[in-house]
Amino acid sequence: MSASPLVSISRLPELPGLEVVAGSSVAADIAAHAHGAMVVGLCLTGGRRMVCGGGQWRIEAGEGFIVPARVGHACASLEAAGHSYLALAVRPEAFVRAGVAAGAPEVWPRPWRDAAAAGLAQRAALAVQAGEAGPALAALAALAARLGLRPGEAAPLHPATRRVR
């Protein structure tokens, strides 16, 4: 018998534009959807299948994913018992507040495998959950540097690119 799924959302009033979604024992498929913020996620246990941007990825425990704002995607657990994950939803103003230099933001979804980045994502999430704005911003800045993330508005997409998305 598997544990009941649990999903929580954490925010700090003094850090608009940054929230943490933490899921535990999530086995249900999540239908195609999009977010208004860039999502930087980390699979903690089990595995996750991501379908987005015309591609499909297997994200194993310890691996992460980036889904740019407004990019449609769907998710599913790789195991019947579910998986656990955390996701940082980051809007440009949170990056700016963390001191991240503006630049071209992510346009395409991508997986990542980087133990140091995984630790930084966890540190940022834990700081938000603990109500600690300073440590959350410091971890977000280091994570952005590690993964090459930048705040900013994406250039308008070519019509063919919009159709592919």
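Glu60 counts as partly exposed, with a relative accessibility of 30% (buried is under 20% relative accessible area, exposed over 50%, partly exposed in between; 1.4 Å probe, protein chains only). The model is predicted, with local features needing pLDDT of at least 70 and side-chain atom pairs pLDDT 80 or more, whereas totals for chains, interfaces and linings use all residues. Residues are numbered from 1 along each chain as its sequence is written, and side-chain values use heavy atoms, without hydrogens and water.

**Exercise 1.** State which residue pairs with Glu60 in a salt bridge.

*Solution.* Step one is the criterion: a side-chain nitrogen of Lys or Arg must lie within 4 Å of a carboxyl oxygen of Asp or Glu. Step two applies this rule: Arg58 meets Glu60 at 2.9 Å, N to O. By this rule the count comes to five salt bridges.

**Exercise 2.** Characterise the salt bridge between Glu106 and Arg110 and the exposure of each partner.

*Solution.* The closest N and O atoms of Glu106 and Arg110 are 2.9 Å apart. Glu106 is buried at 15% relative accessible area, while Arg110 is partly exposed at 26%.

**Exercise 3.** Determine which parts of the chain the pair Asp114 and Arg146 ties together.

*Solution.* First, the two side chains form a salt bridge of 2.8 Å, N to O. Next, Asp114 lies in the loop between β10 (110-112) and α2 (115-129), and Arg146 in helix α3 (133-147), so the pair ties together parts 32 residues apart in sequence. Helices (H or I, at least four residues) and strands (E, at least two) are DSSP runs, numbered from the N terminus. Finally, Asp114 is buried at 18% relative accessibility, and Arg146 is partly exposed at 47%.
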